[in-house]
Amino acid sequence: MLAFARLLFLIGVLNLFGGCAPPPIQQRTLYVFGTLVDVRVASADRNAFDAAMREIEQRFQGMHHALHAWQPGMLVDLNTAIASGKTRCVSAEIVQLIERSAQAERASGERFNAAIGGLIGLWGFHTDEPLTGDPPPAAEVIRKLVAARPRVTDLSIDGAGCVRSSNPTVSLDFGGIAKGSAVDAAIGILRKHGLDNAIVNAGGDLRAVGSRDGLPWRIGVRHPKQGGALAEIEVIGDESVFTSGNYERFNEYDGVRYAHILDPQTGYPVVGIASATVIHKDADWADAAATALVVAGVAHWQEVVTGMQLDQVLLVDEQGHLHMTPAMQARVKRVSAASLNH
Ligand code: ADP
Ligand code: MG
């Protein structure tokens, strides 16, 4: 009996150490919406990886073109039609983004608003070039556009995907959600090819599924003010981690920084929050939520947590203080020493 037990143990140990080398990590870098996207898959299947990457690359190219807010493409055509009161039929992809953005708009108390492309353009953010320090737009022009209250919920879509707006000042800009949507699409394609252990990382915004041979994917959250890692999070299963901030893309005029995230209620760039990080299953929702939290600021972020049914949120305010939901506090592995001083 004892010998039999030993044999079982030995078989167990052999299984543990012999025969099953961890699957290699296959990696490739793609580009979408001005961001490098790092795709890593734990799998030995080279053919599946190559086929999936070809499909992802095509999908990203299509999205880049169709969703651009200021270069010719389907979204610009739609915005032009809306401005002149016309109906325009669009792709299922744009319909989905409109629907998701409308949900996020309602759930965030209109802090996430993908219809404020007019304001974003006015502030000079519709460019691929570095921002050149132009002065802010005239207060009166901002006031008028805010008073017109463009919202995604002004749109109606019929069964054939044809869109019309009750408000001609709606101008769609999916800059706050499209990256998340692209990451979701990439994960969907990987899974379709049987690649269930993967991480798609778009410049620090990512979704991870499965595991690294049973181990969690370990990721760092960047510190918005000091650079380097603010916190380390282990991700296993199916989760997205998205961060929005006012530290990466902004315009500077007369010593004042103007962030590329605008408060739709005032028409002015947000102040007060350096960054917001959200962990959520879906990347598009995490992306929209991170943007909404930056708009809500220290005083109102909890309203966005409730409205968007978020669980794990981390904010860094302009003073470097951290604000976390209890669930995020439990997740964060290591917080940089400098942050702990606050
Ligand atoms: P990042 O691009 O740094 O990941 P975000 O996800 O927050 O940051 O996206 C910022 C972009 O979202 C802006 O460049 C603009 O296109 C768009 N945007 C700005 N303000 C809002 C807002 N209040 N709601 C929705 N989208 C916004
Ligand atoms: Mg966002």
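Student: How many aromatic pairs does this model have, and how is such a pair read?

Tutor: A pair of aromatic rings is described by the distance of the centres and the angle of the planes. Rings of Phe, Tyr and Trp (its six-membered ring) pair if their centres lie within 6.5 Å; planes under 30 degrees apart are stacked, over 60 edge-to-face, and the rest tilted. The count here is two aromatic pairs. Trp123 and Tyr258 have ring centres 5.4 Å apart and planes at 35 degrees, so this pair is tilted. This is a predicted model: local features need pLDDT of at least 70, side-chain atom pairs count only at pLDDT 80 or more, and totals for chains, interfaces and linings use all residues. Side-chain values use heavy atoms, with hydrogens and water left out, residues are numbered from 1 along each chain as its sequence is written, and chains are lettered from A and ligands numbered from 1 in the order in which they are written.

Student: Which parts does the pair of Trp123 and Tyr258 tie together?

Tutor: Helices (H or I, at least four residues) and strands (E, at least two) are DSSP runs, numbered from the N terminus. Trp123 lies in the loop between helix H5 (117–122) and helix H6 (139–147), and Tyr258 in strand E12 (residues 256–259), so the pair ties together parts 135 residues apart in sequence.

Student: What kind of pair do Trp123 and Tyr268 form?

Tutor: Their ring centres are 5.4 Å apart and their planes at 70 degrees, so the pair is edge-to-face.

Student: Is Tyr268 buried or partly exposed?

Tutor: Buried means under 20% relative accessible area, exposed over 50%, and partly exposed in between (1.4 Å probe, protein chains only). Tyr268 is partly exposed, at 32%, whereas Trp123 is buried, at 6%.

Student: Which residues have the most contacts inside the largest nonpolar core?

Tutor: A nonpolar core is a set of buried Ala, Val, Leu, Ile, Met, Phe, Trp, Tyr and Cys residues joined through side-chain atoms within 4.5 Å. The largest has 71 residues, and Phe174, Leu190, Leu293, Met308 and Leu310 have the most contacts inside it. Helix H8 (residues 283–307) gives the most to this core, with 14 residues.

Student: Which polar side-chain atoms lie by an oxygen atom of ligand 1?

Tutor: A polar contact with the ligand is a pair of N or O atoms within 3.5 Å. A side-chain atom of Asp173 lies 2.8 Å from an oxygen atom of ligand 1, and one of Asp287 lies 3.0 Å from an oxygen atom of ligand 1.

Terms used
A polar contact is a pair of N or O atoms within 3.5 Å; within protein, one must be able to donate a hydrogen and the other to accept it, and residues adjacent in sequence count only if both atoms are side-chain atoms.
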